[in-house]
Amino acid sequence: MRPWTPKTDMVRRLYVAGREATSPAEALRMSQQELAEEFDRWLDGVRAATRDSGTRGE
């Protein structure tokens, strides 16, 4: 059986929810576009770190 992996949309929703929980005022000031761009930068960093460590990341 293939191991379960989260989809990008699910991770994005969790990221935004966490961002809103840790910095609610800042998250409210940010537009949806800014949050999406921040998430994309974060996800690119995670993927790069995963590649560098030699494990598989999607």
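Author: Arg 19 has its place in helix α1. The model is predicted.

Reader: What does the side chain of Arg 19 make a polar contact with?

Author: With the side chain of Glu 38, at 2.6 Å. The cut-off for such a contact is 3.5 Å between N or O atoms, so this pair is within it.

Reader: Which residues does Arg 19 touch?

Author: Leaving aside residues up to four places away in sequence, Arg 19 touches Pro 24, Glu 26, Ala 27, Met 30, Leu 35 and Glu 38.

Reader: Now the rings. How many aromatic pairs does the structure hold?

Author: Three.

Reader: What makes the pair of Tyr 15 and Phe 39 edge-to-face?

Author: A ring pair is described by the distance of the centres and the angle of the planes. Here the centres are 5.5 Å apart and the planes stand at 65 degrees. Pairing needs centres within 6.5 Å, and over 60 degrees counts as edge-to-face. Both conditions hold, so the pair of Tyr 15 and Phe 39 is edge-to-face.

Reader: Which parts does this pair tie together?

Author: Tyr 15 lies in helix α1 (residues 8-22), and Phe 39 in helix α3 (residues 32-53). So the pair ties together parts that are 24 residues apart in sequence.

Reader: Why do Tyr 15 and Phe 39 count as buried?

Author: Tyr 15 has 17% relative accessibility, and Phe 39 has 0%. The limit is under 20%, so Tyr 15 counts as buried, and so does Phe 39.

Reader: What kind of pair do Tyr 15 and Trp 42 form?

Author: A tilted one, with 5.1 Å from centre to centre and 35 degrees between the planes. Stacked needs under 30 degrees and edge-to-face over 60, so 35 degrees leaves tilted. This pair also links distant parts of the chain: Tyr 15 is in helix α1 and Trp 42 in helix α3, 27 residues apart. Tyr 15, Phe 39 and Trp 42 form one aromatic cluster.

Reader: How do you know that Trp 42 is partly exposed?

Author: Its relative accessible area is 37%.

Methods:
Residues are numbered from 1 along each chain as its sequence is written. This is a predicted model: local features need pLDDT of at least 70, side-chain atom pairs count only at pLDDT 80 or more; totals for chains, interfaces and linings use all residues. Side-chain values use heavy atoms; hydrogens and water are left out. Rings of Phe, Tyr and Trp (its six-membered ring) pair if their centres lie within 6.5 Å; planes under 30 degrees apart count as stacked, over 60 as edge-to-face and the rest as tilted. Helices (H or I, at least four residues) and strands (E, at least two) are DSSP runs, numbered from the N terminus. Buried means under 20% relative accessible area, exposed over 50%, partly exposed in between (1.4 Å probe, protein chains only). A polar contact is a pair of N or O atoms within 3.5 Å; within protein, one must be able to donate a hydrogen and the other to accept it, and residues adjacent in sequence count only if both atoms are side-chain atoms. Contact means heavy atoms within 4.5 Å.
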